[in-house]
Amino acid sequence: MENRTPQNLTPQNLTQDEIERYRRHILLPEIGGTGQQKMKNARVLVIGAGGLGAPILEYLAAAGVGTIGIVDDDRVSLSNLQRQVIHDTGTIGEMKTKSAREKIARLNPHVRIADFEERFSLPWAKRHLPLFDLLIDGSDNFDTRYAAADAAELAKIPLVTGAVGRFDGSVTVLKPYEAGPDGALNPTYRDLFPEKPPEGLIPSCAETGIVGALTGVIGTLMAMEAIKLVTGIGEPLVGRLMLYDSLAARFDTIKYRRRTARAAAE
């Protein structure tokens, strides 16, 4: 089993090779050299190296995020390849963490990878999440989504979370440990989804199918939110749920807030 934890937490400067590699970022006044330096020193944990995880991992690695953790206990199968583009035919049967790590190494050798061939859970997060400063949930089940939300809230780090259906998807950002501009605490995951749906109510993509490119759209949006959080630019989707309908080619955004009863209890 591979279990590679981040070793070097000392801030690192950009090399001349990296300055050339990330030149198109550095030219952007909103990012510049300072923002690129923040990305190099960022430590981001990604749950899942599947449909959502594939574009998240590739774009964060290409962007120069210095340390990327991958937690996934699954192996690559032929049916994954229609959407999980970080893997290929030659990696069928391999652990997804190994396949993703090797692809990232070819894409950007400056990125350090911490891969964990395990299933994400609250006990696991208590041991490992303190090594990271941002969590991205690309899982495909509600148990992991709620565990990720609870773990990030306890660790007081931002969470980017997304989900996909057959032709639709959603993305939001959670920072419930901070207050918004109005002074009220930001909402939690349970303010958006109070309870997990009953077992079997929402079928998996293995049962209903999913268009592969959809995971690319949602995963890329999640990577963009992560880059905004790391560099401190723009307005992350805190308290806002972005919805995408691929058949109608339409984006909608709905606002949500912390429930009054929960806020009062705290």
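Reader: The radius of gyration is taken over C-alpha atoms, and the globule rule is 2.2 Å times the number of residues to the power 0.38. What radius of gyration does the protein chain have?

Author: The protein chain has 18 Å, which agrees with the value near 18 Å that a compact globule of 266 residues would have. This is a predicted model, in which local features need pLDDT of at least 70 and side-chain atom pairs count only at pLDDT 80 or more, while totals for chains, interfaces and linings use all residues. Residues are numbered from 1 along each chain as its sequence is written, and side-chain values use heavy atoms, with hydrogens and water left out.

Reader: What box do the C-alpha atoms fill?

Author: Along the principal axes, the box is roughly 50 × 45 × 40 Å.

Reader: How many helices and strands are there?

Author: The protein chain has 11 helices and 8 strands, taken as DSSP runs numbered from the N terminus (helices H or I, at least four residues; strands E, at least two).

Reader: What share of the residues is buried?

Author: Of the 266 residues, 48% count as buried, meaning under 20% relative accessible area, with exposed over 50% and partly exposed in between (1.4 Å probe, protein chains only).

Reader: And which residues of H3 are buried?

Author: In helix H3, residues 32–40, they are Gly32, Gly35, Gln36, Met39 and Lys40. Seen down the axis of H3, these buried residues fall within an arc of 145 degrees, so they line one face of the helix; the arc is that of the directions from the helix axis to the C-beta atoms.

Reader: What do the buried residues of H3 pack against?

Author: Their partners are the helices H1 (16–21), H2 (23–26), H4 (53–63) and H10 (212–231), together with strands S2 (67–71) and S3 (112–116). Contact here means heavy atoms within 4.5 Å.

Reader: Turning to H5, is Thr97 buried or exposed?

Author: Thr97, placed in helix H5, is buried, with a relative accessible area of 0%. Leaving aside neighbours within four places in sequence, Thr97 is in contact with Ile70, Asp72, Asp115, Phe116 and Glu117.

Reader: Is Arg106 buried or exposed?

Author: Arg106 counts as exposed, at 57% relative accessibility. Arg106 also belongs to helix H5, residues 96–107. From C-alpha to C-alpha, Arg106 and Gly216 are 20 Å apart in space, and they are 110 residues apart in sequence.

Reader: Back to the whole chain: what share of contacts joins residues at least 24 apart?

Author: The share is 65%, among contacts between residues at least 6 apart in sequence.
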